Amino acid sequence: MAVTLLIRLPLVPAVPFLKFDGKDTILAIAGFIFGAGYSLLLTVATCCLEPFFTGNATWVDVVMNIISTVSFVCTAAVLYKRWHTKTGAMKALLAGSVCQILVMTIWNYVVDPFYFHMPRAAVVQMLPWIALFNVLKCGLNSGITLFIYKPVVTALRSRGLAPESHPGTSDGRSYAYAGGFVLLTALLVCLCVAGLI
C-alpha cells in the first residue's frame, strides 16, 4: 500500500490516466518467495484497499487493477517456481510482461468505451499508447524485481521469514546486474517517450 500511495507516475503523456505505481514489484517478489497464491491474495487486498486511501477509484478501476497485476505477478510466480534460477526469473518476468501487455490491451479495448463514454474507434487509437504504457511498466517492474529480489529474500531468510533457497540458484550480483540492465533500458525509454532525451 505504501508503494502504491507514494509512487504514482504517468509514463506515457498520451494516456495520463494510466499511472505506474510500483506495487507489482513487491507482489512479484512475494510471488517468487511464497508462490502465486500469496501474490494473488496480496493483489486483491491491495487493490481493494486502494480506493479507501486514494478516494478516486471505482469498482471498475479496482477490477482492472486486479486483472492487470494478477496477469503479471501470478504468471511470473508460477513460472519461477518451475524455473528457479536467474534465467528462469528473467523468463518468468518476460512471460508475465507479455501476459500483462496482451491482457490489458484486450481489457481496455472491451471496457474503455463504456467506462470513458467514448466510441470504440477512439479507444482503438489509444491502444498503441496503452500497450506502450504496459511495456514500460513491465520493464520497470521486471528490472526493479530482479535488482532487489536477492537482497530482500536474503534478509527475509536470515530472519526465518522465507523458505531456504534451492541448490544451484544464482548469487545476488547476477540478479542485480540483469535487473539493473532491464531497469536502465526501461528508464531510458520512459525518458524518450516523455521527450526529456
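## Overall fold

Among contacts between residues at least 6 apart in sequence, 68% join residues at least 24 apart. Contact here means heavy atoms within 4.5 Å. This is a predicted model, so local features need pLDDT of at least 70 and side-chain atom pairs count only at pLDDT 80 or more, while totals for chains, interfaces and linings use all residues. Residues are numbered from 1 along each chain as its sequence is written, and side-chain values use heavy atoms, with hydrogens and water left out.

The protein holds 7 helices and 2 strands. Their order from the N terminus is α-β-β-α-α-α-α-α-α. Helices (H or I, at least four residues) and strands (E, at least two) are DSSP runs, numbered from the N terminus. Of the 197 residues, 44% are buried. Buried means under 20% relative accessible area, exposed over 50%, and partly exposed in between, with a 1.4 Å probe and protein chains only.

## Helix α2

Helix α2 covers residues 23–34. Its 12 residues should span 16 Å at 1.5 Å a residue, and its end C-alpha atoms are 16 Å apart, which agrees. The expected span is 1.5 Å times one less than the number of residues.

Most of α2 is covered, with 10 of its 12 residues buried. Just past the helix, Gly35 has a positive phi of about 110°.

## Helix α5

Helix α5 takes in residues 86–115, 30 residues in total. From first C-alpha to last it reaches 40 Å, close to the 44 Å expected at 1.5 Å a residue. A kink of about 35° sits at Tyr109, shortly before the proline Pro113. The bend at a residue is the angle between axes fitted to the seven residues ending there and the seven starting there. After α5 comes His117, with a positive phi near 50°.

## Nonpolar cores

A nonpolar core is a set of buried Ala, Val, Leu, Ile, Met, Phe, Trp, Tyr and Cys residues joined through side-chain atoms within 4.5 Å. The largest has 21 residues. Phe32, Phe72, Val73, Tyr80, Leu93 and Tyr149 touch the most other members. Helices α2, α4, α5 and α6 each supply at least two residues of this core. The largest share, 7 residues, comes from α4. A second, separate core of 14 residues includes Val12, Leu127, Ile130 and Phe133.

## Aromatic pairs

The structure holds 6 aromatic pairs. Rings of Phe, Tyr and Trp (its six-membered ring) pair if their centres lie within 6.5 Å; planes under 30 degrees apart count as stacked, over 60 as edge-to-face and the rest as tilted. Phe34 and Tyr38 form a tilted pair, at 5.7 Å centre to centre and 55° between the planes. Phe34 is partly exposed, at 36% relative accessible area.

Tyr80 and Tyr149 form an edge-to-face pair, at 5.9 Å centre to centre and 85° between the planes. This pair links distant parts of the chain: Tyr80 lies in α4 and Tyr149 in α6, 69 residues apart. Both tyrosines are buried. Elsewhere, Phe17, Tyr115 and Phe116 form one aromatic cluster.

## Cysteines and Asn134

The whole structure has 0 disulfides. A disulfide is a pair of cysteine sulfur atoms within 2.5 Å. The sulfur of Cys48 is 7.0 Å from the closest cysteine sulfur, in Cys47, and that is too far for a bond. Cys48 counts as partly exposed, because its relative accessibility is 35%. Cys138 is in no disulfide either, with the nearest cysteine sulfur, that of Cys99, 9.3 Å away. Cys138 is buried, at 2% relative accessible area.

Asn134 lies in helix α6. It counts as buried because its relative accessibility is 3%. Leaving aside neighbours within four places in sequence, Asn134 contacts Gln100, Ile101 and Met104.
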